Amino acid sequence: MKNKIEKKRLVVIGSGMAATSCVEEIIGLDPERFEITVFGAEEHLNYNRVLLSHVLTGEKELKDIVLHDLKWYEDNNIKLHSGKRITEINRAQKKVISEDASEHPYDVLILATGSLPFIPPVVGMDKEGVVAFRTINDCEKIKDDVREGSRVAVIGGGLLGLEAAYGALKLGADVSVVHLADRLLERQLDITSAEFLKEDIEKLGIDVMLSKETTEVYGEGKCEGLNFKDGTSLEADLIIVSVGIKPNIELIESSGIYCEKGVVVSDVMQSYDPAVYAIGECVQHRNKTFGLVAPIFKQAKVLANHLAGDGRLAFKDIASSARLKVPDIELYSAGSIDDADGIETVEYLDRGARVYKKLFLKDNKLNGMIMYGDTSDGPRLFAKLLDGSDVNTVRHTSIFGDGAGAGVSSMAELTDETIVCGCNGITKGMIVESIKSKGLFSREDVTRETGAGGGCGGCGELIEQILESTLGSDFNSAIHNEGICPCTRYTRDDIVKNIREQGLKSVTEVMDLLGWETVGCEKCRPAINYYVSMVDPLHAVDDISSRLVNERTHANIQADGTFSVVPRMYGGVVSAEELKRIAEAAVKYDVPLVKVTGGQRIDLLGVKKDDLPKMWKDIDMPSGFAYAKGLRTVKTCVGEKYCRYGTRDSLGLGVRMERFFEGLWMPAKVKMAVTGCPRNCAESLIKDLGVVGINGGFEIYVGGSGGIVLKGGKLLCTVETSEEVLQTAASFMQFYREDAEYGERTYKWVRRVGLEVIKDTLAKDGVGLAERLNDARDVVKEPWGVGVKASGE
């Protein structure tokens, strides 16, 4: 009879993401090979450190980012010692000794001790009120210490520092970021993209101080502020330090294991002691240390493969991608962004749209990339970077891509071996196989089953493109079975159905009836507020606190904290008297910049908040709603009255349309245009609703977009009269208002619903839709109480 093979004793020091990933891999490859014991210095279960910033903002709780619960350890026969620190490694006797003096023998030892926050050698850094941002305990301390109006200084303008700054801002603090370099994220961004980032961070209300070297934390016992080398200072009640990390190797060095900057390891993660291995942030491999999750997870896979007896894998550092987890800031950086010799660059810059893309090429292959403003093609290009594709023949088109939603076509370019999730080494083929074999329909399903998207989350868009490519029309159905935000599992259709059937009139009533477990978030509260108003505009209660910040102030906040004033100019037409009032107001209130916009209006920039009511009164014109989810402009050409090519009165129709739709709340911003002939001077074909004058009538186009995503409008119909244009436009816009998701632009909605469905609905219920739109028009109010809308329009 064959004797049972005795399991080897595997001890892991560390229970973070690196250790957990390695243990997962070992269990998956050979669950009977080792008797596994894990020691974690932190008292908590292992958690996803990448998502700490979401805990700080309140978007997630600790339980939401825990990697495995206790049952997982029990089910896999793993002995877990949380909150038990190892104080000695006795290599001669092959045992580790914990702080309670207990001894634990090993045959194989894995060191995954991670890193420690680097604290600059600055006077006063040991004062009360100075905290790092590295662990869940740090996170909880910051939340406990910050109060409304607290002054918080964040030292460090890297990814984690900016995320900590945003978290403190959400907690109600006045926040300043202090950074030694001359730009934010200097490792991920060049000067141009960093300028965009600085402006957007400041728009959030965070002060950014660059080229600032801190020389002292001053205060009596507790921190009171910072002194800088240039002689200036900054008051602060709390100081968050986020300037980097250093490998945690004190215990390891004391055992005599060879270390330099970190534990020196081979290509299979073996230290100079053949029984001891190391992975993660404590490691030094080929003179390099590590701080991002992608290479660390690859280390875990290589080590697990080696310990399971396969031995075919060797660790080689790979490029990583980075995103900033701050809402409304679209940033994607990957690979090397060094303009060294032999590096070519392909660049695209649209300052008006705030879109910047830069590709770094070496030997006809992608070596790095920066994307700001439009990052939709980032994951796809990153996959090309990882698999070393030759991009020479498509170098000029790669930077533009196909825009958002082009997943199906771009998926054909990727082989099954293409790595989609660099954090976990998950390929396209692995994801497709899981989708087909396990019936997956959402990004969350894919993450749960494969691990893809469970690290930094940067591959989320690419996962959705794979889902769309694999599932086809089933993917669109699946999307609408998901909750509108993490606060609830109720879909948009569930919420609207309850509002209609239960006669709900406010955000509070909806949340109370449907059992919201939280107070809501920036995604669900504005959406519910819109849906209530859309269903019953005559009786709905507008919840101002659920409006977005620009809607609450009825103005667009600018980078310096001032505001912009954009008066309504119907169809781009303005009288001499109105121009005079605008000019006089600009002089009276010392407006630093007066600019003509692309929507045929005048923008007064740099207005102080306190001057807004007085300025609007002096100008005596209605608001242009340049900040709202509603009609922005109806762009026109001069039409048949003045243009020798004009076939229709585009100017008059455009003015009527703008008066008709102004102030109406929409799911997203809406832009319209009327052009008097097919020469299309008013750009009607790239508007949400565009009208083109032709011989004998008008063509009406819908679902166009001329912004980050360029989409041509689809021909809805041809009509003979301007009255028919207004009737059709009213029916279309009301169908869009009633059917679209909150935040869904018409170009997405039209393509999701389908043009034929829209045509059929307008044919069957066009009159009813127009009547319901008029109910909504009846409650439109001018926010500044001036420039009352002409009656009968």
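# Close-up views of a predicted model

**View 1. Strands β2 and β3 pair side by side.** Val 38 has Leu 80 of β3 as its bridge partner. The model shown here and in every other view is predicted. Strand β2 covers residues 34-40 and is joined to β3 by four bridges. The two strands run parallel. Strands of a sheet pair through backbone hydrogen bonds, either parallel or antiparallel.

**View 2. Five strands make an open sheet.** The order across the sheet is β3-β2-β1-β7-β19. The pairing is parallel. Which strands stand at the edges? They are β3 (79-82) and β19 (276-278). Each has a single partner strand, so one side of each is left without a neighbour in the sheet. From one strand to the next, the twist averages 15°.

View 3. Lys 8 has Phe 34 of β2 as its bridge partner. Helix α1 spans residues 17-29. It lies across β1 (8-13), β2 and β7 (108-111). Relative to β2, helix α1 runs at about 170°.

**View 4. Strand β7 pairs with β1 and carries Leu 111.** β1 and β7 run parallel and are joined by four bridges. Val 12 has Ile 110 of β7 as its bridge partner. Leu 111 is also found in strand β7. Is Leu 111 buried or exposed? Leu 111 is buried, and its relative accessible area is 0%. Which residues does Leu 111 touch, not counting those up to four places away in sequence? They are Ile 13, Ile 89, Ile 252, Ile 257, Val 276, Tyr 277, Ala 278, Ile 279 and Cys 282. One of these contacts, Ile 279, is 168 residues from Leu 111 in sequence. In space, Leu 111 and Ile 279 are 6.5 Å apart, C-alpha to C-alpha.

**View 5. Thr 135 sits in a loop.** The loop runs between β9 (130-132) and α5 (136-145). Thr 135 has a relative accessible area of 18%. Buried means under 20%, so Thr 135 counts as buried. Which residues is Thr 135 in contact with, leaving aside neighbours within four places in sequence? The contacts are Glu 42, Tyr 47, Arg 49 and Leu 52.

View 6. Strand β35 (residues 689-694) and β36 run antiparallel, joined by six bridges. Gly 693 stands opposite Phe 698 of β36. The hairpin of β35 and β36 has two residues between the strands. In this hairpin, Gly 696 takes a positive phi near 90°. β36 also pairs with strand β39 (residues 714-719), in the antiparallel sense and over five bridges. Here Ile 700 stands opposite Cys 717 of β39. How many residues of strand β36 (residues 697-702) are buried? Six of the six are, so strand β36 is largely enclosed by the rest of the structure.

**View 7. Phe 735 and Trp 749 form an aromatic pair.** A search of the whole structure finds 13 aromatic pairs. Phe 735 and Trp 749 form an edge-to-face pair. Their rings are 5.2 Å apart, centre to centre, with 80° between the planes. Phe 735 lies in helix α24 (residues 722-739), and Trp 749 lies in helix α25 (residues 746-753). The pair therefore ties together parts that are 14 residues apart in sequence. Phe 735 counts as buried, at 10% relative accessibility. Trp 749 is buried too, with a relative accessible area of 0%.

**View 8. Four aromatic residues form one cluster.** The members are Tyr 530, Tyr 531, Trp 665 and Tyr 742.

**View 9. Two arginines lie over aromatic rings.** Arg 679 lies over the face of Tyr 645. The distance from Arg 679 to the ring centre is 3.6 Å. Arg 777 lies over the face of Phe 660. Here the distance to the ring centre is 4.0 Å.

How values were computed
Residues are numbered from 1 along each chain as its sequence is written. This is a predicted model: local features need pLDDT of at least 70, side-chain atom pairs count only at pLDDT 80 or more; totals for chains, interfaces and linings use all residues. Side-chain values use heavy atoms; hydrogens and water are left out. Rings of Phe, Tyr and Trp (its six-membered ring) pair if their centres lie within 6.5 Å; planes under 30 degrees apart count as stacked, over 60 as edge-to-face and the rest as tilted. Buried means under 20% relative accessible area, exposed over 50%, partly exposed in between (1.4 Å probe, protein chains only). A charge sits over a ring if NZ of Lys or CZ of Arg is within 6 Å of the ring centre and within 35 degrees of the ring normal. Two strands pair if DSSP finds at least two bridges between them. Axes are lines fitted to C-alpha atoms, for helices over the stretch in contact, and angles run from 0 to 180 degrees between N-to-C directions. Contact means heavy atoms within 4.5 Å.
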